[in-house]
Amino acid sequence: MNKPRYDVGHLCMLIGLVGFTLWYLSDAIRVSFTVPNLLLIMPVAIAILMLALAELLMSWRGGKLFEAVDDEPVREILPIILLFAVYVLSLPWLGFDLGTILFVAIFLRMKKETNWYWVIGYSVGFGLAIALFFALMLPYPMPMTFLPID
């Protein structure tokens with residue numbers, strides 16, 4: 001009989017995510033308990049905590065509490081991490097809208113999406129929508145390439 005393998009890293013990641021979220025939320029509340037300050041932070045924090053709780057409950061109820069699974073190897077994940085680093089570092093020059101469009105398109109191609117209509121359509125739609133959302137919601141200007149929002 002094979003003894004089940006447990007993924008302690010998965011549990012540690014979940015605990016770390018919850019811990020960081022609670023720390024960030026408490027710090028934001030401590031700094032300013034106002035609606036404008038918490039408008040984006042509070043809903044995202046609540047969503048993260050609910051998803052973490054759901055993951056814990058589903059793993060526990062299924063009897064597979066953090067059972068090890070064969071995830072993508074590091075050689076497949078590392079290029080995506082590097083792509084994200086390049087994306088973040090290039091935002092001041094590319095602009096948030098163009099940078100996001102390029103990041104999503106390259107990411108989809110790296111994940112072997114072959115339908116170019118899907119890659120271009122999703123990248124442009126998501127990139128412009130998220131750029132517009134953040135440009136209208138955040139109280140400070142973001143560098144943009146296409147969207148002339150101040």
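Trainee: How many salt bridges does a search of the whole structure find?
Mentor: This is a predicted model, where local features need pLDDT of at least 70, side-chain atom pairs count only at pLDDT 80 or more, and totals for chains, interfaces and linings use all residues. Residues are numbered from 1 along each chain as its sequence is written, and side-chain values use heavy atoms, without hydrogens and water. A salt bridge needs a side-chain nitrogen of Lys or Arg within 4 Å of a carboxyl oxygen of Asp or Glu. The search of the whole structure gives 1.

Trainee: Which side chains meet in a salt bridge?
Mentor: The N to O distance is 2.5 Å.

Trainee: Is Arg30 buried or exposed?
Mentor: Buried means under 20% relative accessible area, exposed over 50%, partly exposed in between (1.4 Å probe, protein chains only). Asp27, at 25%, is partly exposed. Arg30 has 63% relative accessibility, so Arg30 counts as exposed.

Trainee: At what angle do H5 and H6 pack?
Mentor: Axes are lines fitted to C-alpha atoms, for helices over the stretch in contact, and angles run from 0 to 180 degrees between N-to-C directions. The axes of H5 (residues 96-110) and H6 (residues 116-137) lie 8 Å apart. Their angle is about 145°.

Trainee: How much of residues 115-138 is helix?
Mentor: UniProt, in an unreviewed entry, lists 115-138 as one of its "transmembrane region" stretches; such annotations may be inferred rather than shown by experiment. The end C-alpha atoms are 34 Å apart, with 0% strand. The helix share is 92%.

Technical notes: Helices (H or I, at least four residues) and strands (E, at least two) are DSSP runs, numbered from the N terminus.
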